[in-house]
Amino acid sequence: MTVPELVISNVSMAYTPPDWPGGYWWHWLFFSVVLIGFMLTMVIIAIYIERRGLGRMQSRLGPNRTGPFGVLQMVADVIKVLLKENIVPDKADKLVHWLAPIVAFVPVALIFAVIPFQNGALLADLNIGILFIVAVSSLTTLGVFMAGWGSSNKYSLLGAMRNVAAVVSYEIPLALSIVGTLLVAGTMSLNGIVIAQDIPFILVQPLGFLIFFIAGCAEINRSPFDLMEADSEIVAGFHTEYSGMKFALFYLVEYAEAIAISAIITSLFLGGWRGPLLPPWLWFIVKTLIVFFVMVWTRVTLPRVRIDQLMALAWKFLLPLALINLFITAIQVLAWDNAVNWIAVVVNIVVMVVLILIWSKFFKLGWGRLEV
Amino acid sequence: MKFERYGLGMLKGMSVTIRHMFRHPTVNQYPEQRLNISRRNRGNELIWSRERCTGCATCAKTCPQGAIEIITATNAEDNKYEVEKYQVDTGYCIQCGLCVEACPYDALFMGYSYERARYRRGELVQSDDELLESPERPASGYFHPDIAEKLPEQTLLIDKITEKRE
């Protein structure tokens with residue numbers, strides 16, 4: 001029984017000589033600018049995909065007036081929102097209200113620091129990259145809660161509380177499903193995980209992917225888990241009282257988070273920048289957008305869950321499945337020299353189907369009513 | 001074993017949405033594209049014929065909204081009424097078509113117009129010559145099957161929504 005070899009995670013050193021100060025700072029400057037540009041561009045593309053995709057799936061057209069095919073709609077929206085008046089409620093906690101968008105935004109920006117665009121092309125190739133992501137990504141909740149509290153609005157506070165509850169619950173299956181891939185890859189660096197994916201981990205860890213996708217959607221509060229900003233019940237939740245640039249920042253955070261989760265899924269499960277023919281960074285972007293499209297797809301399909309369904313799904317469904325998945329993966333990693341093989345793929349897919357069937361049978365809400 | 005409870009229902013829903021994505025959208029883009037109007041449509045404008053109108057004011061009496069105002073003068077020589085003023089406040093009109101049905105001399109018709117929104121109430125009022133039939137304001141076939149028969153066969157559906165492109 002041998003533990004799989006650790007994949008060397010500092011391949012990036014060839015690209016980023018850490019010689020102080022010249023190379024290091026150039027690397028830092030270059031990737032900071034690229035990442036900010038990447039994030040903003042991707043957010044605009046994401047909003048476009050979301051609005052058009054949503055429209056088409058609902059037999060509408062979506063925005064189509066501004067520029068060819070409506071591509072400039074987001075630019076127009078940005079300009080509109082920038083020019084709007086910034087209204088702060090009278091009884092708001094001014095400082096918290098002012099600080100909340102920034103607190104929400106910074107962690108999302110930080111996530112992109114460890115996501116590899118191609119081999120070694122990332123701001124900081126942390127050897128604990130995924131741990132860093134797990135640690136940082138949930139900080140956004142703090143900003144959201146500050147917004148809910150600072151607005152002095154009961155709907156905002158309700159939304160923020162729901163968000164905290166959801167994130168705290170879903171953090172656990174999210175992290176546990178990541179651990180499965182970490183075991184298989186044998187490294188925590190995202191670049192290392194990508195390099196380890198000779199078979200994309202979506203096949204090796206199908207259940208992990210499913211759990212991560214669901215928990216990720218819940219974590220960033222996308223439909224069907226968008227309880228915190230449920231427009232129809234608590235009028236946009238935590239950002240009810242926000243307008244102008246602060247609202248734009250929250251909007252940006254929402255989509256940047258979605259892109260970040262898509263990028264993490266791409267790196268963890270879809271082979272990141274690896275792929276034939278196209279340049280690696282393009283593969284990465286294409287895969288990210290595909291994952292984002294699947295998010296839009298689920299959003300348009302599934303109705304919003306209730307808060308008890310949300311909690312039940314996290315604690316009764318995802319958490320046990322994540323634990324079992326982790327257990328099975330650990331055994332596989334111990335049993336096989338290389339856990340990334342086709343037998344593992346078959347075994348894990350069968351395991352996933354069986355587990356989902358069994359657990360759907362177990363999954364009950366309320367007084368024994370079966371509502372999945 | 002009903003698989004709908006094991007996640008299959010979700011997949012079914014997702015297949016429905018993705019199929020809708022590749023269908024033609026069912027909306028039309030209003031100012032550029034308009035739905036066909038039924039040839040027996042009750043529009044928001046009345047078409048009035050000065051020749052046939054005898055000034056009997058039956059239309060004004062039937063109008064549940066009192067939107068029609070008609071002032072006549074007696075022409076003693078020809079022994080008949082002369083219409084001095086025929087005025088319809090389209091702001092009050094509920095497009096019920098009772099005036100058209102009531103007119104004993106077939107002097108009133110519904111129109112096809114549905115764009116009567118104005119900035120001021122006064123502009124909603126139409127009177128006398130504005131009410132006459134013209135190529136821009138054809139008479140609808142409502143309550144007048146003879147008119148409807150002459151109009152071409154039509155479908156109320158638009159065959160295919162195409163996206164307006166700049």
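Student: Which residues of helix 14 of chain A are buried?

Tutor: First the cut-offs. A residue is buried if 20 or more other C-beta atoms lie within 10 Å of its own, exposed if 12 or fewer, and partly exposed in between, with C-beta atoms placed from the backbone. In helix 14 of chain A, A344(A), N348(A) and M352(A) are buried. Seen down the axis, the buried residues fall within an arc of 75°, so they line one face of the helix. That arc is taken over the directions from the helix axis to the C-beta atoms.

Student: Why do residues three or four places apart point the same way?

Tutor: An α-helix has 3.6 residues a turn, so such residues point the same way.

Student: Which exposed residues does the other face of helix 14 of chain A carry?

Tutor: The face turned away from the buried side carries W342(A), I343(A), V346(A), V350(A) and V354(A). Cover for the buried residues of helix 14 includes helix 8 (201-204), helix 9 and helix 13 of chain A.

Student: What should I know about the model and its numbering?

Tutor: This is a predicted model: local features need pLDDT of at least 70, side-chain atom pairs count only at pLDDT 80 or more, and totals for chains, interfaces and linings use all residues. Residues are numbered from 1 along each chain as its sequence is written, while chains are lettered from A and ligands numbered from 1 in the order in which they are written. Helices (H or I, at least four residues) and strands (E, at least two) are DSSP runs, numbered from the N terminus.

Student: What span should helix 13 of chain A have?

Tutor: Expected span is 1.5 Å times one less than the number of residues. Helix 13 (residues 307-335) has 29 residues and should span 42 Å; its end C-alpha atoms are 41 Å apart, which agrees.

Student: Where does helix 13 of chain A bend?

Tutor: A bend is the angle between axes fitted to the seven residues ending at a residue and the seven starting there. Helix 13 of chain A bends by about 35° at L318(A), and P320(A), a proline, follows within four residues. L318(A) is also among the buried residues of this helix. Those buried residues pack against helix 6 (154-185), helix 9 (206-219) and helix 14 (342-362) of chain A.

Student: Is F143(B) buried or exposed?

Tutor: F143(B) counts as buried, with 20 C-beta neighbours inside 10 Å. Its phi is near 65°, a positive value in a residue other than glycine.

Technical notes:
Two residues are in contact if their C-beta atoms, placed from the backbone, lie within 7 Å.
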